[in-house]
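Please read them with the structure open.

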Amino acid sequence: MRIDGTHRKWLAASLIIFGAGTFIYIAYATSSPSGPSGGSAVGLGFGIVGSAFMLFAGLLAGRKKVAVWRLGRAQTWLRGHLWLGLLSLPMIFFHAGFQFGGTLTTVLMILLITVVASGIFGAALQHYMPSVMTAEIPMETIFEQIDHIRAQLVAEADELVERVCGPLQTGHLAPAERGGVAIVTATATPTAVLPLRDFYTRQLRPFLQHEHSRNRALGLRDDSTRIFDGLRTVLPSSVHEATKKLEEICEEERQLRRQVRMHHWLHGWLMLHVPLSLALLLLGCVHAIMALRY
């Protein structure tokens, strides 16, 4: 979700609510003889408002699961999740009088700060990352198809090298399947193209085939360019076109790897944000029940 002009009303409303809350808290804190307290009428009011904001933000997951129900537009829920979730932090601080209190309230405050901070981090990622991906990954593809595309790249590269060097002896490598038949044959290779065959079987093919294969030289564009330029100097001109295509395949693999890394950054923060949000809501309910009973 990009933070654009459609968020202006939410921003304005959030600033008004925050400003009003700050004014009320200052007036209340300075006029209270014993200082601000979460058990006072004003303190309870802040607690109710902050809890309601957290509850609304937490209900986004439920809204996603029942998207067919007409419970408002998804974008409205997302904006509310962002801005009301952010507002819950100062409201709860006003409720607590900027004190952490006992063990349970301390845990709740730490959870709230962590959830809001991770939410801000995630919002920043979702705002900036798509444009970065567009600029750095012009060959961006559907994430779920990356493994299939990687297999196609290996098969295409195998075919290119076989045209030049003859059938590859790749029985000692994880074979690239072609219609269920693995490449396991071997034949004599012309001496002039041996450097290409050796480079492909030892470096490029493992790099293409295994996404976790660490080949710093091929993983960096400038270093990879120097390698392919050097390779062309020792190969006959008749295979330069095939070498160029292999270089393009190598670049596509680099972009696939970059897309995977960015995808993990773009969605990985949710592994922290979601469970901590759930814990915050559950412990918040426990805190409310204990406060009302005792």
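1. Tyr200 touches Val154, Ala157, Asp158, Val161, Leu168, Arg205, Pro206, Leu208 and Leu246, leaving aside residues up to four places away in sequence; contact means heavy atoms within 4.5 Å.

2. This is a predicted model, in which local features need pLDDT of at least 70 and side-chain atom pairs count only at pLDDT 80 or more, while totals for chains, interfaces and linings use all residues. Residues are numbered from 1 along each chain as its sequence is written, and side-chain values use heavy atoms, without hydrogens and water.

3. Tyr200, Leu204, Leu208 and Leu246 have the most contacts inside the largest nonpolar core, which has 28 residues. Such a core is a set of buried (under 20% relative accessible area, 1.4 Å probe, protein chains only) Ala, Val, Leu, Ile, Met, Phe, Trp, Tyr and Cys residues joined through side-chain atoms within 4.5 Å. At least two residues of this core come from each of α6 (146–165), α7, α9 (221–233) and α10. The most come from α6, with nine residues.

4. A second, separate core has eleven residues, including Ile92, Leu108, Leu111 and Leu280.

5. Helix α7 (residues 194–209) packs with helix α10 (residues 240–268) at an angle of about 20°, the axes being 11 Å apart. That makes α7 roughly parallel to α10 (angles under 35 degrees count as such). On the α7 side, the contact is made by Leu196, Tyr200, Leu204, Phe207 and Leu208; α10 contributes Thr243, Leu246, Ile249, Cys250, Glu253, Arg254 and Arg257. By class, this contact has eight nonpolar, one polar and three charged residues.

Key
Axes fitted to C-alpha atoms, helices over the stretch in contact; angles between N-to-C directions. Helix = DSSP H or I, 4+ residues; strand = E, 2+ residues; numbered from the N terminus. Parallel < 35°, antiparallel > 145°, perpendicular 65-115°, else oblique. Nonpolar A, V, L, I, M, F, W, Y, C, P; charged D, E, K, R; others polar. Buried < 20%, exposed > 50% of the residue type's maximum accessible area, 1.4 Å probe, protein only.
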